[in-house]
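Subject: Handover of a structure and notes on what was found

Dear colleague,

Please find below the structure that I am handing over to you. My notes on it come directly after, and I would be grateful if you could read them with the model open.

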Amino acid sequence: MNAFIAIVRRDLLLAARRKSEVLTALFFFMIVVSLFPLGIGPETAMLRRIAPGVLWVAALLAAMLSLGRLFATDHQDGTLEQMALSPTPLAVLVSGKVLAHWLTSGLPLVLLAPVLGLQFDLSARALGVLMLSLLLGTPILSLIGAIGAALTLGVRGGGVLLSLLVLPLYIPALIFGAGAVEADVAGLGAGGHLSLLGALLALGVFFAPWAATAALRIALD
Amino acid sequence: MNAFIAIVRRDLLLAARRKSEVLTALFFFMIVVSLFPLGIGPETAMLRRIAPGVLWVAALLAAMLSLGRLFATDHQDGTLEQMALSPTPLAVLVSGKVLAHWLTSGLPLVLLAPVLGLQFDLSARALGVLMLSLLLGTPILSLIGAIGAALTLGVRGGGVLLSLLVLPLYIPALIFGAGAVEADVAGLGAGGHLSLLGALLALGVFFAPWAATAALRIALD
Amino acid sequence: MLQAHGLACDRGDRRLFSGVDFVVPAGEWLQVEGPNGAGKTSLLRIVAGLAGAAEGHLEWEGRPVAEARDEFHARLLYLGHAPAIKDDLSALENLQIAAAVAGRPLDEATALAALRRIGLAGREDLPSRVLSQGQKRRVALARLLCSQARLWVLDEPFVALDVAAVDQLCNILDEHLARGGLLLFTSHQAVHLAGSGGNLRLGR
Amino acid sequence: MLQAHGLACDRGDRRLFSGVDFVVPAGEWLQVEGPNGAGKTSLLRIVAGLAGAAEGHLEWEGRPVAEARDEFHARLLYLGHAPAIKDDLSALENLQIAAAVAGRPLDEATALAALRRIGLAGREDLPSRVLSQGQKRRVALARLLCSQARLWVLDEPFVALDVAAVDQLCNILDEHLARGGLLLFTSHQAVHLAGSGGNLRLGR
Amino acid sequence: MINWFKFASPASFYPLAGKLWPWFAALATAFCAAGLWISFFVAPTDFQQGEGYRIIFIHVPASWMSMFIYCVMAFWAAIGITFNTRLSGMMSAALAPTGALFAFLSLWTGALWGKPMWGAWWVWDARLTSELILFFLYLGYIALTSAIDDPRRADKAGAIVALVGVVNVPIIYFSVKWWNTLHQGASVSLTKAPSMATTMLWGMLLMALAFWMYSIAMSLYRVRAIILEREHHAGWVAELPEMQR
Amino acid sequence: MNWGSAAEFFAMGGYGLYVWGSFGVTFAALLIETQLARKRFADTRRLLRRELAADREALNEHASRRP
Ligand code: HEM
Ligand SMILES: Nc1ncnc2c1ncn2[C@@H]1O[C@H](COP(=O)(O)OP(=O)(O)OP(=O)(O)O)[C@@H](O)[C@H]1O
Ligand SMILES: Nc1ncnc2c1ncn2[C@@H]1O[C@H](COP(=O)(O)OP(=O)(O)OP(=O)(O)O)[C@@H](O)[C@H]1O
Ligand SMILES: [Mg+2]
Ligand SMILES: [Mg+2]
């Protein structure tokens, strides 16, 4: 447990050392969201329709982009070897890293999403559902992403390969997440979608650290 | 000139060595484009409306994703130092690297775009304009991207910082590129947009290698 | 006591070595020697459990390592070619955090003392990125001073160090051996350690 | 002839060294010595033109280097801590491509001969990723054998090499000096080169 | 010719900036007081927009300053690259946060104005979009320079961003203009009776002057901190009167 | 003079939220910026003073230790 806390604190410290790091993930999210109206045109009714999809896709890309760093630097400088040799089970340390990743790249997205939703003229209620769906969904992104990051470790061109592996796995989260907001906007109630998202999250918390650990051991061999 | 050809060939060889690399950039493009119908819903009229914007944004993200590798590996393993010490001007070598980047990550997108455009029910004519706009636009993405990649070299959290720097600079290309297709679909003629895109390209070819070289020298110091 | 029985290692379609047996009793050292590419690093990684052996097995205190891997890891300190240093953290932070992650938090005074002793006084708070090659190695070596592990496995610990640092490191190793520690290391240079130990030659 | 006049170097808010003067006549070597972090790497990078000096200047054949940088670079070969080896390419490809990028294409036979001589026979076509630490350094050093440069600037060329390779490298350096070449290098080990040369000590 | 390069040395600019900034701060306060008085007590109610239009008195000056400051940063960047002066990088670094702040304020006040006038906090219109991009450019500059520890490297890298960005600003501005236009800037209220237009104009001008003076005072003040941070090993810093004791 | 009473002034003809939201945030932001800058300056100065004092002490010690 101490080692778990130590690793979360270390990763947060590293993120804080580069003050800009957390902020830039956020701004990436903002910019991607803003690109769509630029590409598509400014019509409000249309923008409102595509808003949940765009926001979720952007969140997904922002979370994915920071995955590359998740294990790569630890691998390069030998820290990962040391983690594998530590008496604490590797899966615990991996969970710590995933938690830190979510704190620095998922949580800020959840908090920023309503502001961007305003740009697309979403109602206050829809914004609430959007936040809730992201709150349940972004940890899934970090968890699944950890598996992908571990699998592509030390593989050159890993960044792109990573997205190839991870994006298909993100699709259920995307469908339920964006679906929840759309269902709410259409007046259908978002409960069903949200509870499915919750189930996915439970599944992820249970299995992802284990799978990521197995993948890391392969990369180290 | 010989050194220019040598560096283009080297980078192509490196890309070929990782056979998956070119393919994964392409698949990323495909997946991002395919995510939108999933996030937004399957209505044809709407999909046709958003098609140019979505395709262009996806192309932009795909081009950006592979930028991280542009100079980073050369920097890490010391090749960049050797390039800086080569009797050939560094700007020439940088141009070679940018050309290779476009050949491996821009050109395939141009060739794949029509297939994806079909998914969005675009007309043959619109597909032609789309290809033309990407053919003019993707080299701009590589050129501007090179500046960003050089600036963020050796800066940790560079991947995300890179997108923060580069995406705002991509916006004119996005607006003219997607605008060309939209104008054509609306029956207004895409000539104006395309020639502006051409002008941007000329500007980029002229200035970007120089700016990227200056940035590289800073990173080396 | 660490014992290897008939270790073999394959890389690609090449057998690097086979039938490697050795014993390291408590308080002794074993230097693995051999030309470049003989498989020294590969052997050390097998011992540390980072790579698998094609044949053979290891015993620690008479028990096969495979049966009690966690226990073995708790008594092991491995330093490889890569120094496991975070470029963005200072030497002090690197040392403290590595210890905390390994499950043995370290107070600042001890960490500072270790850095001083290894010759990094005045550089404790610089980001490791700006340190010189040798200084980075020293940060990694400072871990030895804070370690309670009995078995040290060090891959070319003397590389990039200046003469003073080499002497200092020898002292540290001697102290470890005197405490009854075990040491397995590689080096292309001749090394003068007190106490007894042996050599293992790999390669033709 | 290479001459330095009053070179100084700042890193962070620290002055690493100042007032460094030296002369390297044709056919002679200069070994830069000093403890870890004294600024040897920094000095070599300044000489190669990769970093700027805080004070002082360099002369090459009597002319300030700043005035004829391209000409100077055409006669310079620099090998730093990082070996400039692409992990995905084989040793042979690495060698040939480095030469082509530097503007002097190399035919395969010459490249193969260089790799053989440096002790990489049989490993020419492996991707460099799987080579051992020392083998990677050898690939980098094979560049010396194909080089026409007059001034070699080598940062710790002997690191990670086994005894045979160290001797081999000494021979290569001697030949270079005998041809009238100049050599500037750092090393923590004592090195025995034929011909005449001098030492430059940095650091307190 | 005056020896400008003398002031380009941090050692002599530090005390100069210290003497100058209070004056600019005082001017800023004075202009601001006058401007606020005109905005609230002299300028009459708009017959179309009611009292809501009074946002113009900060919205427009903030928008102007955000664009102007970026140009000044690019100017310093160009100086820094051509003459290799240390001070110019410090000036850019000192200006960036203030510029970003004004860009943010332009967006913020515009949004608060848009809700009652257009019924939406945000529309994807030409000016709004280009202002947003300008904000991103500022953030990119700040993020990059703060991610590089060595200040001299950070300055040079920042200079490249500032120059490339400033080339981009007119391109963005015009490109987005061709794309569409909704932000009907000048036509909103200046069609009123001439007396009202002049009081409005005065209010806007005074507030713009206030923001301008504020930016100068702020950048001078901040550059002093930056000089100290970067030059702390230099001998002259130890001689400063405020460093005794 | 445009306003009959203070309440009228603060109501801004029904636009109070927007007008005061703009002016309020603007001046709050400027105030925060000045305070942050002051803190930055004060911090650097404090740090420097401490550094210089340490340097002087080291110098004095050095001088007094010499015979
Ligand atoms: C977030 C929303 C907004 C942003 C980012 C924004 C941005 C800008 C910018 C950059 C300028 C300076 C451009 C120039 O002078 O050429 C400007 C000026 C101006 N804006 Fe806005 N604006 C926004 C919302 C609004 C709204 C809602 C109104 C009024 C209904 C408005 C009215 C004006 C006026 C009257 C000017 C002065 C134009 C002139 O005199 O040239 N703005 N705005
Ligand atoms: N896939 C492969 N195919 C063939 N040979 C391989 C492969 N992977 C590794 N090798 C060889 O295995 C050896 C790895 O050796 P290792 O790194 O253990 O050497 P070492 O004794 O530590 O050498 P050094 O002294 O240079 O550090 C090298 O000779 C390398 O060429
Ligand atoms: N930003 C900085 N602040 C303070 N000191 C710095 C900074 N950057 C570098 N240094 C110091 O500058 C020196 C760099 O030395 P350099 O790498 O040239 O050493 P070296 O003589 O090659 O050492 P080695 O033998 O270890 O390779 C180190 O002592 C390092 O601590
Ligand atoms: Mg080895
Ligand atoms: Mg060095």
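The notes below take the ligand sites in turn, then the metal ion, and then some single residues and annotated spans. Please bear in mind throughout that this is a predicted model.

**Ligand 2**

Which chains contribute to the site of ligand 2? Residues from chains C and D surround this ligand, so the site is shared between chains. The surrounding residues number 22, and the closest of them are Lys40(C), Thr41(C), Ser42(C), Ser132(D) and Gly134(D).

Several polar contacts may be inspected here. On the chain C side, an N or O atom in the side chain of Lys40(C) lies 2.7 Å from an oxygen atom of ligand 2, and a polar backbone atom of Ala38(C) is 3.3 Å from an oxygen atom of the ligand. On the chain D side, an oxygen atom of ligand 2 is 2.5 Å from a polar side-chain atom of Ser132(D). Ligand 2 taken alone exposes 650 Å², of which the protein buries 91%. Two or more residues of the shell come from each of strand E2 (14–24) and H1 of chain C, and likewise from helix H5 (133–145) of chain D. By residue class, the shell around ligand 2 consists of 5 nonpolar, 12 polar and 5 charged residues.

**Ligand 3**

Ligand 3 is likewise placed between two chains, C and D. Around this ligand there are 23 residues, with Arg123(C), Ser132(C), Gly134(C), Thr41(D) and Ser42(D) as the closest.

From chain C, a backbone N or O atom of Gly134(C) is 2.6 Å from an oxygen atom of ligand 3. From chain D, the side chain of Ser42(D) places an N or O atom 2.6 Å from an oxygen atom of the ligand, and the side chain of Asn36(D) has an N or O atom 3.1 Å from an oxygen atom of ligand 3. The protein buries 92% of the 650 Å² that ligand 3 exposes when taken alone. The elements giving two or more residues to this shell are helix H5 (133–145) of chain C, and strand E2 (14–24) and helix H1 (40–48) of chain D. The shell around ligand 3 divides into 6 nonpolar, 12 polar and 5 charged residues.

**The magnesium ion**

Which residues coordinate the magnesium ion, ligand 4? The donors are OG1 of Thr41(C) and NE2 of His81(C), at 1.9 to 2.5 Å. These two residues are 40 residues apart and link distant parts of the chain: Thr41(C) belongs to helix H1 (residues 40–48) of chain C, whereas His81(C) sits in the loop between strand E6 (76–79) and helix H3 (91–101) of that chain. Thr41(C) has a relative accessibility of 26% and therefore counts as partly exposed. His81(C), at 24% relative accessibility, counts as partly exposed as well.

**Single residues**

Glu156(C) has a positive phi of about 45° although it is not a glycine. Glu156(C) is located in the loop between strand E7 (151–154) and helix H6 (163–178) of chain C. Is Glu156(C) buried or exposed? Because its relative accessibility is 8%, Glu156(C) counts as buried.

Asn84(E), which is not a glycine either, has a positive phi near 55°. Asn84(E) is found in the loop between helix H3 (56–83) and helix H4 (86–118) of chain E. With 62% relative accessibility, Asn84(E) counts as exposed.

Ser39(E) is part of helix H2 (residues 10–42) of chain E, and its side chain reaches the backbone oxygen of Gly35(E) at 2.3 Å. The relative accessible area of Ser39(E) is 0%, so this residue is buried.

**Annotated spans of chain A**

The unreviewed UniProt entry annotates residues 21–41, 53–72, 124–153, 160–181 and 193–220 of chain A as "transmembrane region". In the model, residues 53–72 are 90% helix and 0% strand, with end C-alpha atoms 30 Å apart. Residues 124–153 are 93% helix and 0% strand, and their end C-alpha atoms lie 42 Å apart.

With kind regards

Note on methods:
Residues numbered from 1 in each chain as written. Chains lettered and ligands numbered in written order. Predicted model: local features only at pLDDT ≥ 70, side-chain atom pairs only at ≥ 80, totals over all residues. Heavy atoms only, no water. UniProt positions renumbered as here; feature names shortened; annotations may be inferred. Helix = DSSP H or I, 4+ residues; strand = E, 2+ residues; numbered from the N terminus. Near = heavy atom within 4 Å. Polar contact = N/O pair within 3.5 Å; in protein donor to acceptor, adjacent residues only side chain to side chain. Areas by Shrake-Rupley, 256 points an atom, 1.4 Å probe, with all protein chains shown as cover. Nonpolar A, V, L, I, M, F, W, Y, C, P; charged D, E, K, R; others polar. Donors = N, O, S within 2.8 Å, 3.2 Å for Na, K, Ca; no water. Buried < 20%, exposed > 50% of the residue type's maximum accessible area, 1.4 Å probe, protein only.
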